[in-house]
Amino acid sequence: MTSLKAGLKALAAAAALVLCTLPALAQADAPRTDPLPSWNEGATRQAIVDFVTRVTTEGGADFVPADQRLAVFDNDGTLWAEQPVYVQLFFAIDRIKELAPQHPEWQTTEPFASILKGDMKTALAGGTHAVAQIVGATHAGMTTDDFADIVAKWFADARNPVKDRKFSAMDYQPMLEVLAYLRANGFKTFIVSGGGIDFMRVFSQELYGIPPEQVIGSEGKLKFELKDGKPELVKLPDIAFVDDGPGKPVGIQMNIGREPIFAFGNSDGDLQMLQYTCLKPGPRFCGIVHHTDAAREWAYDRDSSIGHLDKALEAAQANDWTVVDMAADWKTVFPPEQ
């Protein structure tokens, strides 16, 4: 009997040891989740992973504390498509068509007359002055809350006329993965774009996981009013700040107050932001999305008026920044359309 009890006791101990070991074995055998599944294996993907690994490895020479892990991203052409024209311009054009019955003078006044005729080349021939007129007529004269409601309703159904996809499905799946990967490793992610700040803040949280307070963009002037005892901010037609080119580092300092260590852009309008991030000592990462995929998206760079990429591409080559070849580096471009 004594030997039987001893045998049973030894068997129970062995069983307990096996049960305790199983979770560890299962964890060891379980495949690790790929944080960047839409990226092809190669130097570009590896550069992102290596940088994140270096700055998050405690005790390593390039370790960066979490509160200093700031990443900034351009929006148009970097996080979502910007062809054939910027998404915000599509919004403004649709607003002009919607508001036209209230403005009969637009039928004979440029750039509105050409927009209503569908002649965008003539409408935009006036350059920045024409764009300012379009933005002023469609973005001002209302409260910020009313503007956000208008944008949200438009954004819910508006589609890119070339790709016939909702604009909400024109974001880049590989870049969504980079945003999530950085945040999972203690980074705080920001949008720094030439687009309108009030426009982008409507969808930044839902589309990119970036809250409105982490969006930096071009700003129109605002006016505070009390209307029937209700506080309101009214959008004015005047421009307060242009967050493009050299304005981007200024916007970062004004709104964040700390230098980023990770930056992504796609055009010459992002050059100064990339220089501000990477032409300083310490671990830094700068990336450029190069639009090389005419089949799945668009192929353009130096000769394009939208997303013009020339000096920034030369700077990337000179400073060993990472250039994403969209056709070669991305398994997929857009996420599934919901």
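**Exercise 1: one threonine**

Task: find out whether T78 is buried or exposed, and where it sits.

Solution. Start with the accessible area: T78 is buried, because its relative accessible area is 0% (buried means under 20%, exposed over 50%, partly exposed in between, with a 1.4 Å probe and protein chains only). Before going on, note that this is a predicted model, where local features need pLDDT of at least 70, side-chain atom pairs count only at pLDDT 80 or more, and totals for chains, interfaces and linings use all residues. Residues are numbered from 1 along each chain as its sequence is written, and side-chain values use heavy atoms, leaving out hydrogens and water.

Finally, list its contacts (heavy atoms within 4.5 Å): leaving aside residues up to four places away in sequence, T78 touches Y172, M175, F264, G265, N266, D270 and V289.

**Exercise 2: the sheet**

Task: work out in which order the seven strands form the open sheet.

Solution. Read across: β6-β5-β4-β1-β7-β8-β9, with mixed pairing (two strands pair if DSSP finds at least two bridges between them). Now check the ends: β6 (230–241) and β9 (322–325) are the edge strands, each pairing on one side only.

Then zoom in on one pair: β7 (residues 262–265) and β8 (residues 285–290) run parallel over four bridges. Within β8, G287 is the bridge partner of F264.

Notes
Helices (H or I, at least four residues) and strands (E, at least two) are DSSP runs, numbered from the N terminus.
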